[in-house]
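Here is a short tour of one protein chain, written to be read with the model open beside you.

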Amino acid sequence: MDTGILILRLLVGLLVSGHGVQKISSHLGGKGLEGGTEEFRADGFRGGSLTALAAGGGQIGSGLLLAAGLLTPLAATGAIGVMTVALTVKRHNGLWVQNDGYEYPLVLIGTATALAATGPGAWSLDAAFGLTPYPLWWAALALVAGLGSGLLTRLVLHRPPAGANAER
């Protein structure tokens, strides 16, 4: 079981982190901070470079913490939060990723929640520092706080295009 959790943590954590790197740099196929800023503006978010930096930094930080298995409930909360924002952007396209839907963010939200529920496993920094096991209620807290922070971010920073409906 610990091997499976380690593989899952590394896969999801490094993908979330890499997605953040793309938002703020030209590494991993990213378009640099300018491209990340433009992406957020095109999606109707205000805040410019600061929004791109916050989103990218949140993805990098939460992804690396998940991969390392360090402060797993907090890492899961961060990943759930940024992926909730992504889900709200893509939800008008439907579920499936081939239509630019929200399938991928939903899978990452579910996986981060599952990691908060199972814990990071024996091969993690949480275990090395004696922080595990986390009580199960941490998973519920991570899910609620992550969803809430993502929805609040959307509410505060998103502005629909002029002449468009409030929700795409």
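A residue is called buried when its relative accessible area is under 20%, exposed when it is over 50%, and partly exposed in between (1.4 Å probe, protein chains only). By that scale Asp100, at 42% relative accessibility, counts as partly exposed.

The model is predicted: local features need pLDDT of at least 70, side-chain atom pairs count only at pLDDT 80 or more, and totals for chains, interfaces and linings use all residues. Residues are numbered from 1 along each chain as its sequence is written, and side-chain values use heavy atoms, with hydrogens and water left out. Helices (H or I, at least four residues) and strands (E, at least two) are DSSP runs, numbered from the N terminus.

**Salt bridges**

How many salt bridges does the structure hold? There are 2, where a salt bridge is a side-chain nitrogen of Lys or Arg within 4 Å of a carboxyl oxygen of Asp or Glu.

| Pair | Closest N and O atoms |
|---|---|
| Glu39 and Lys23 | 3.4 Å |
| Asp100 and Lys90 | 2.6 Å |

Take Asp100 and Lys90 to start with. This pair links distant parts of the chain: Asp100 is in the loop between α4 (72-90) and α5, while Lys90 is in helix α4, 10 residues apart. Lys90 is partly exposed, with a relative accessible area of 23%.

Now for the bridge between Glu39 and Lys23. Glu39 is partly exposed at 37% relative accessibility, whereas Lys23 is buried, with a relative accessible area of 8%.

**Helix α1**

The 23 residues of α1 should span 33 Å, and the C-alpha atoms at its ends are 33 Å apart, which agrees. The expected span is 1.5 Å times one less than the number of residues. Besides Lys23, the buried residues of α1 include Ile5, Arg9, Val12, Gly13 and Val16. Their cover includes α2, α3 and α5.

**Nonpolar cores**

A nonpolar core is a set of buried Ala, Val, Leu, Ile, Met, Phe, Trp, Tyr and Cys residues joined through side-chain atoms within 4.5 Å. Which residues touch the most other members of the largest core? Among its 18 residues, they are Leu66 and Ala76. Two or more residues come from each of α1, α4, α5 and α7 (137-157), with α4 giving the largest share, 7 residues. Counting contacts as heavy atoms within 4.5 Å, and leaving out residues up to four places away in sequence, Leu66 touches several residues, including Arg9, Val12, Ala76 and Leu115. A second, separate core of 6 residues includes Phe45, Ala52, Ala55 and Val89.

**Pro120 and the surface**

Is Pro120 buried or exposed? Pro120 is buried, with a relative accessible area of 1%, and is found in the loop between α5 (103-118) and α6 (125-128). Beyond residues up to four places away in sequence, Pro120 touches Ile5, Arg9, Gly69, Thr72, Leu115, Asp126, Thr132 and Tyr134. The C-alpha atom of Pro120 is separated by 35 Å from that of Arg46, 74 residues apart along the chain.

Leu71, in the loop between α3 (48-68) and α4, is partly exposed at 36% relative accessibility.
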